[in-house]
Amino acid sequence: MSQSQETLSNLLQETRRFAPPADLAESANVKADAYAEAADRPGFWARQAERLSWSKPWDEVLDWSNPPFAKWFVGGELNVAYNCVDRHVEAGNGGKVAFHWEGEPGDARTLTYADLQREVSKAANALLELGVRKGDRVAIYLPMIPELPISMLACARIGATHSVVFGGFSADALRTRIDDAQAKIVITSDGGYRRGKASALKSTVDEAVADTPSIEHVLVVRRTGQEIAAHERDVWWHDIVERQSDEHAPEPVDAEHPLYILYTSGTTGKPKGILHTTGGYLTQTAYTHYAVFDLKPDTDVYWCSADIGWVTGHSYIVYGPLANGATSVMYEGTPDTPHQGRWWEIIAKYKVSLFYTAPTAIRTFMKWGDDIPAEHDLSSLRVIGSVGEPINPEAYVWYREHIGASRAPVVDTWWQTETGSIMISPLPGVTEGKPGAAMRPLPGIAADVVDDQGTPVPNGGGGFLVVKEPWPSMLRTIWGDDERYVKTYWSRFEGLYFAGDGAKKDDDGDIWLLGRVDDVMLVSGHNISTTEVESALVSHPKVAEAAVVGATDPLTGQAIVSFVIPRGSAGGDVEGDDFLKELRDHVAKTLGPIAKPRQIMIVPELPKTRSGKIMRRLLRDVAENRSIGDVSTLADSTVMDLISEKLPSAKSED
Ligand code: 6R9
């Protein structure tokens, strides 16, 4: 973090506005009065908790007597699987589709709510037979197949706490997570399909559990049929789950019972096991999914393209949509298998109306070209969302035009693994959208932008994004480490949750996210956000993606170094001096001379985490001519070689 007392400079001016379509505004689930209705926050959340079925009502909405350790819906009892599955069957919706599942090779499965009830019950009975009990931890290391949500719900059904580990993580990463949570079993599969090939998972689990004393069994789903090494601790899913009774009475648990642990790597050090509990988490995921996507459960088809291994998948593929009785699409594979129009083909096939994806995917589609989505019928889409990184205004406008037919509102949703659900977002039937802005805290959420001293910045100012009041789906602690929880999130500013992100308020008081504060650059005494410079670069018609870092500079303290991927359609000489000068001038014109990059490197790819976030730390190593640091969390470890090969094309201003 920079040492400057100055807050973030507010450089980007964006004047485009997009009002909600009249029919959507008219019939929206949540209207403008929601903000005023939520002025009494606990009262508001108590009303939202009525969306769920409680087996025992709560006595108190919020206990905040021991901050930052919150208890929501104190004394209440419920079961998450009952709320996500059984109650919809009991209401007569057993025949309704919960998941249209699409495998990468082209196979498909349809699971109704009644199917889900039977499958989850059988899996719950199997877990019990394997000795899993309420309060035990279960590690889940599966590809995007139906057994993944089924396993999560089976855990919730018996009161076990799941820890889903993304299927792309290494044996080492899996082992540390199993050890930290002391998981009793791990659920995996022989393999999964990615980029047209069957890739192994079970062998990674074998390697991980060779040295994890807490693991008693490995439960294995057969997905690809590939060979696996057999061990005594292994149990095939089809052997044990299939012979179970398809009836199981869901076990009510306390509102604060641990639902899951999800590890987030943070920037350095040991991964943090973010703990989410039951009643508050399900209340806020259900409410936000209903409000932000304007879900009409009887007519909408919803698709979130995230992997369930990340929090977005937990909250907006599994828990929020199922609590709301939604019909969802779930897709196993990559967007370009077997061709670059696969996602749009899926949207047309299932007539998806609500779609949720990430800026990294949107920018990739921009790079591949407008003609690809244009070949598919996307007219069913009515709300399209974004999450994971700041969405550059140009990517927002492209998404709106080429995917949303210049009609569907874009909802840019800001939140974190730690917040559990969406915190800042437009409401699609209310908000006049601004490209690049997450806009306002949702009803019931108190977030603000503060300066170094924790004082709210005025409109037009930039600083640190904080949350000022507890919220129902907040993390409760870091698993096994209360002290680290307090230190990491609640000690930078007295009494405030600090999220690690920089943000600004525009002249209307709307919030724009500016990236992680660790990435902020200090140039000639000005704090400049990487996001704004990246957005300026992406606004050039020949640029598809850009990443920006600050590199030590004798003259200015730090200087701006950028890495640019040209659009597929760019044409001409995109490596030559003229083009680089054109880009530098474009940034100077858009943001002012202070933001002009010292150096621009044209690269074929950017280093990203497996959830698609740009890893600026590695680019800083390149920019400062250091040897490149830890690349173990990169999605594709060869990317740094591609970038290093390109280095001779780096041009600097003389
Ligand atoms: C849900 C998720 C959290 C971090 C967060 C921020 C960035 C997420 C964003 C966004 C700008 C948005 N982030 N959504 N930045 N605008 N709409 O991504 O969780 O993986 O824990 O990442 O992602 O930096 O702090 P997680």
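View 1. The phi angle of N625 is near 55 degrees, which is a positive value in a residue other than glycine. For most residues other than glycine, phi is negative.

**View 2. Helix α19 and the elements that cover it.** Helix α19 spans residues 616–623 and is mostly covered, with six of its eight residues buried. The buried residues are R616, L618, L619, D621, V622 and A623, a set that includes the charged residues R616 and D621. Packing against these buried residues are two helices, α17 (530–538) and α20 (639–645), together with the strands β28 (543–553), β29 (557–566) and β30 (599–602). An α-helix has 3.6 residues a turn, so residues three or four places apart point the same way.

**View 3. The shell around the ligand.** The ligand is surrounded by 16 residues, of which D412, T413, T417, D501 and R516 are the closest. Sorted by class, the shell is made up of six nonpolar, five polar and five charged residues. Helix α11 (311–323) and strand β25 (511–516) each contribute at least two residues to this shell.

View 4. An N or O atom in the side chain of D412 lies 2.7 Å from a nitrogen atom of the ligand. Backbone atoms also take part: a polar backbone atom of G388 is 3.1 Å from a nitrogen atom of the ligand, and a backbone N or O atom of P390 is 3.4 Å from a nitrogen atom of the ligand. Of the 530 Å² of accessible area that the ligand has on its own, the protein covers 91%.

**View 5. Helix α3 and its start.** In helix α3, which covers residues 41–49, the buried residues are G43, F44, W45, A46, Q48 and A49. Their cover includes the helices α2 (33–37) and α10 (279–292) as well as the strands β1 (60–66) and β2 (69–74). At the start of α3, the backbone nitrogen of G43 has a side-chain oxygen of D40 within 3.1 Å. In the loop between β1 and β2, where P68 is placed, the peptide bond from P67 to P68 is cis, with omega near 0 degrees.

View 6. G444 is found in the loop between β20 (410–412) and β21 (447–450). With a relative accessible area of 5%, G444 is buried, because the limit for that class is under 20%. Apart from neighbours within four places in sequence, the residues in contact with G444 are A38, R41, F44 and W45. Of these, R41 is 403 residues away from G444 along the chain, yet the C-alpha atoms of the two are separated by 5.2 Å.

View 7. T334 is placed in the loop between β17 (327–331) and α12 (342–350), and at 1% relative accessibility it counts as buried. The side chain of T334 makes a polar contact of 2.7 Å with the side chain of T337. When neighbours within four places in sequence are left aside, T334 is in contact with E104, R194, R195 and W343. The loop between β17 and α12 also holds P338, which is joined to T337 by a cis peptide bond with omega of about 0 degrees. Most peptide bonds are trans.

**View 8. S406 in the loop between α15 and β20.** S406 is not a glycine, but has a positive phi of about 55 degrees. The residue sits in the loop between α15 (393–403) and β20. The relative accessible area of S406 is 41%, and the residue is therefore partly exposed.

**View 9. Confidence along the predicted chain.** The protein has a mean pLDDT of 94, with 97% of its residues at 70 or more. Over residues 648–654, however, pLDDT stays under 50, and for this stretch the model has 19 contacts beyond four places in sequence. Where pLDDT is low, the predicted coordinates should not be read in detail.

Technical notes:
Residues numbered from 1 in each chain as written. Predicted model: local features only at pLDDT ≥ 70, side-chain atom pairs only at ≥ 80, totals over all residues. Heavy atoms only, no water. Near = heavy atom within 4 Å. Polar contact = N/O pair within 3.5 Å; in protein donor to acceptor, adjacent residues only side chain to side chain. Areas by Shrake-Rupley, 256 points an atom, 1.4 Å probe, with all protein chains shown as cover. Helix = DSSP H or I, 4+ residues; strand = E, 2+ residues; numbered from the N terminus. Buried < 20%, exposed > 50% of the residue type's maximum accessible area, 1.4 Å probe, protein only. Contact = heavy atoms within 4.5 Å. pLDDT = per-residue confidence, 0-100.
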